2 protein chains.
Amino acid sequence: MNSCPGSSNTAFKVACSSCNLRELCLPVGLTHSDIERLDRLVATRRNVARGDTLFRTGDSFQSLYAVRTGFFKTCVSAEDGRDQVTGFQMAGELLGLDGISSDRHACDAVALEDSQVCVIPYGQLEVLSREFTDLQHQFHKIMSREIVRDHGVMLLLGSMRAEERLAAFLLNLTQRLRARGFSASSLVLRMTREEIGSYLGLKLETVSRTFSKFQEDGLLEVKQRQIRIVSQDGLQALLNGAPAY
Amino acid sequence: MNSCPGSSNTAFKVACSSCNLRELCLPVGLTHSDIERLDRLVATRRNVARGDTLFRTGDSFQSLYAVRTGFFKTCVSAEDGRDQVTGFQMAGELLGLDGISSDRHACDAVALEDSQVCVIPYGQLEVLSREFTDLQHQFHKIMSREIVRDHGVMLLLGSMRAEERLAAFLLNLTQRLRARGFSASSLVLRMTREEIGSYLGLKLETVSRTFSKFQEDGLLEVKQRQIRIVSQDGLQALLNGAPAY
DNA sequence: CGGTTCATTGATAGCGGTCAAGGATTGTGG
DNA sequence: CCACAATCCTTGACCGCTATCAATGAACCG
């Protein structure tokens, strides 16, 4: 509880229409009046402390979540306990699309730092998107974009070497940070080497070694989770089939 | 042209309502009257000869496609020419969801045998799904299922060894064939070793060697593309963390 | 039937995994 | 504020899985 008027865990209302993430989130491309309808839909927020789960595999699916502040990972796990990080989500990105298919969540979503999400009741989103063509279309685009993103990750996992994977990962992160107004060259990783490794299909030692190699090669400066990109072009070149040396 | 009354490349009309794939395809769970609305939507078919593409990366996105007969692969490619098979689609499965995000297709869809698809104009699907709640929900489920499937592939690519990958691939294939009324133990692969390898993040030689090893181990009988599953349980055990020996 | 594509198998090499140890950082409780 | 524990990161040595290179054989197709 804080002392803001009307504050609570789920108050502190910031409407979609006045949210500075609206250009990155569900309202992209909607008219102002459509966004005001969204405001009624997205009535609640939820705080998730670092390390806590927003939802777990098997949880009943009720809502989608838009990250307002903070950082998440999603992971799936096999019967034998192995697990795989399937993505990292930052402000403006949607969580929970996996749940629609079976009315149960099919992955875990874990906050990697103290975070806040907007709760989007899925049933109401379906109702509203029947009424507002643009919202419907925008929602479909977001699902489709997730599919396209996943295919890109498959390409990475199926055909790239360790250095290429890490370079692709860093470039993707910085691009998304840049879209949110952050520096393109300096970043603080919110996840461990092990989580990066899981996402990239590598072991944590390989991630660490590759960071070190990038530093030796003058591409990065690495101090634990503090990363400074020295040569964006060098990283990009690694992806464009440049030889490893 | 053949001699059927009213025949043409796009005639030979079989309505969704009388299609034997309706339990696997878009109409799943719809009432009979809803399906009849779908019939109007899915007005055309398209034949795709083996080796031809249904659509290519960059093509303008207009329609989704439901596989009626035949078999497809989808693949994405990187700038440097590397490519990755992202999936294999059989009767009743939907192609083209990738195109919604940017109004252009984001992968190639190639027929691996002479095939026929139902053309589902996307704009009309959006219109119809605003009117029919069940259709809307079913469509969302299908997109979500694709996302969940992709996450499963990431798990496979990110954390499984070659034998586990191939076992998972075969079990997935047979499960889908069984759902279509085919034998669970005997199948003919429609794709090359190289295509399997691309999908599984392995080289074709590794795929071939692993097939041979499965045969030596009494799990399969392999004659080129003819596969007989001798021990489904053995394959399943490989996936459940059984040691490799 | 001859060419082309596809599959199998062997030999070898290299990338990334595994095991292990030590160091840095963070957080917590006294 | 310090001490201690827990977590995370780095680095080294070695190994094994899969890639690579190469040759042969089988199947398919025009």
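**The interface between the chains**

Tutor: In this predicted model, chain A and chain B bury about 4200 Å² between them, and 60% of that area lies on carbon and sulfur atoms. On the side of chain A, R82(A), R130(A) and M154(A) supply 16% of the area that this chain buries against chain B, which is more than any other three residues. Counted by residues, the contact draws 47 from chain A and 47 from chain B. The rule for salt bridges finds 3 of them across the interface of chain A and chain B. A salt bridge joins the side chains of R82(A) and E164(B), with a distance of 3.0 Å from N to O, and R82(A) is also one of the three residues named above for their share of the buried area.

Turning to the packing inside chain A, helix α1 (residues 32-41) and helix α2 (residues 122-131), both of chain A, pack at an angle of about 160°, and their axes lie 11 Å apart. Because angles over 145 degrees count as roughly antiparallel, α1(A) and α2(A) are therefore roughly antiparallel to each other, and their crossing is right-handed. From α1(A), the residues R37(A), L38(A) and L41(A) meet Q124(A), L125(A), L128(A) and E131(A) of α2(A). The residues of this contact of α1(A) with α2(A) divide into 4 nonpolar, 1 polar and 2 charged.

Definitions and conventions: Residues are numbered from 1 along each chain as its sequence is written. Chains are lettered from A and ligands numbered from 1 in the order in which they are written. This is a predicted model: local features need pLDDT of at least 70, side-chain atom pairs count only at pLDDT 80 or more; totals for chains, interfaces and linings use all residues. Side-chain values use heavy atoms; hydrogens and water are left out. Axes are lines fitted to C-alpha atoms, for helices over the stretch in contact, and angles run from 0 to 180 degrees between N-to-C directions. Helices (H or I, at least four residues) and strands (E, at least two) are DSSP runs, numbered from the N terminus. Angles under 35 degrees count as roughly parallel, over 145 as roughly antiparallel, 65 to 115 as roughly perpendicular and the rest as oblique. A crossing is left-handed if the near helix is turned anticlockwise from the far one by less than a right angle, and right-handed if clockwise. Contact means heavy atoms within 4.5 Å. Ala, Val, Leu, Ile, Met, Phe, Trp, Tyr, Cys and Pro count as nonpolar, Asp, Glu, Lys and Arg as charged, and the others, Gly among them, as polar. Buried area is the accessible area (1.4 Å probe) that two parts lose on being put together, summed over both. A salt bridge is a side-chain nitrogen of Lys or Arg within 4 Å of a carboxyl oxygen of Asp or Glu.
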